[in-house]
Amino acid sequence: MDCDRYYAVLVPLVEREGELSVLYEVRARTLRRQPGEVCFPGGRMEAGETPRQCALRETWEELGIPESAVTVIGEMDFIHIRAGSLLRPVLGEVDPAALAAMRPAPEEVAGTFLLPLRELKAHPPEVYLYRQPVEAPDFPYADTGVPADYPWRPWRLEVPVYHGLPYHLWGITARITMDLLAHL
């Protein structure tokens, strides 16, 4: 798959009080992209880096959770982002002691929170569907024998939103959460 950029995130599971929870972070309001939104720790992959290495490095940089405190379970299905990027979620279990010692980087992270899997399952997302028009002004119509008024089919954008939770959970973060719950 040809993508402009490659990203990875850690989907951190934490066992507390006998149940599994998902650790989320809230992005700092000072960030240029998606300020204040809920996300997973992660970012752009560096040259020669695997998704696992990237997810663990970013978790350390953003949350101060060392690689040694994360047991990687495996990679989840990739997500092709319409902006031409490929995102690879990496599922891992975080040692609860590391969670207690976590030190979020304030320039990137405004806060963190845990949502128990049982609560996420009890509040399935609503999926909103939007039709996106296709514009192809640079398409070589004459060279391909395609008429300039070709009826391109619009594509659908699915945006999941979890309602009834203490934080807004939507978009790619919600899609990864849905995928996690579907496979557990």
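**View 1. The hairpin of E1 and E2 in the predicted model.** In this hairpin, two residues lie between the strands. Glu17 takes a positive phi near 55° there. Strands are DSSP runs of E with at least two residues, helices are runs of H or I with at least four, and both are numbered from the N terminus. Two strands count as paired if DSSP finds at least two bridges between them. Leu13 stands opposite Val22 in E2.

This is a predicted model, where local features need pLDDT of at least 70, side-chain atom pairs count only at pLDDT 80 or more, and totals for chains, interfaces and linings use all residues. Residues are numbered from 1 along each chain as its sequence is written, and side-chain values use heavy atoms, leaving out hydrogens and water.

**View 2. Further partners of strand E2.** E2 also pairs with E8 in the antiparallel sense, over seven bridges. Val26 has Gly111 as its bridge partner in E8. E2 pairs with strand E3 (residues 38-39) as well, in the antiparallel sense over two bridges. Here Val26 stands opposite Val38.

View 3. Helix H1 has 13 residues (51-63). Buried means under 20% relative accessible area, exposed means over 50%, and partly exposed lies in between (1.4 Å probe, protein chains only). Contact here means heavy atoms within 4.5 Å. Just after H1, Gly64 takes a positive phi of about 70°.

**View 4. Salt bridges around Arg57.** A salt bridge is a side-chain nitrogen of Lys or Arg within 4 Å of a carboxyl oxygen of Asp or Glu. Arg57 forms one with Glu46, with the closest N and O atoms 3.6 Å apart. This pair links distant parts of the chain: Arg57 is in helix H1, while Glu46 is in the loop between E4 and H1, 11 residues apart. Arg57 is buried because its relative accessible area is 18%. Glu46, at 45%, counts as partly exposed. Arg57 also forms a salt bridge with Glu58, at 3.1 Å between the closest N and O atoms. Glu58 has 9% relative accessibility, so it counts as buried. Glu61 bridges to Arg57 too, at 3.3 Å between the closest N and O atoms. Glu61 and Arg57 are four residues apart in H1, about one turn of the helix. The network of salt bridges links Glu46, Glu49, Arg57, Glu58 and Glu61.

**View 5. Leu99 in helix H2.** Leu99 lies in helix H2 (residues 96-100). Is Leu99 buried or exposed? Leu99 counts as buried because its relative accessibility is 11%. Leaving aside neighbours within four places in sequence, Leu99 is in contact with Val14, Arg16, Leu23 and Leu114. The C-alpha atoms of Leu99 and Gly64 are separated by 9.1 Å, though the two residues are 35 apart along the chain.

Methods. The expected span of a helix is 1.5 Å times one less than its number of residues.
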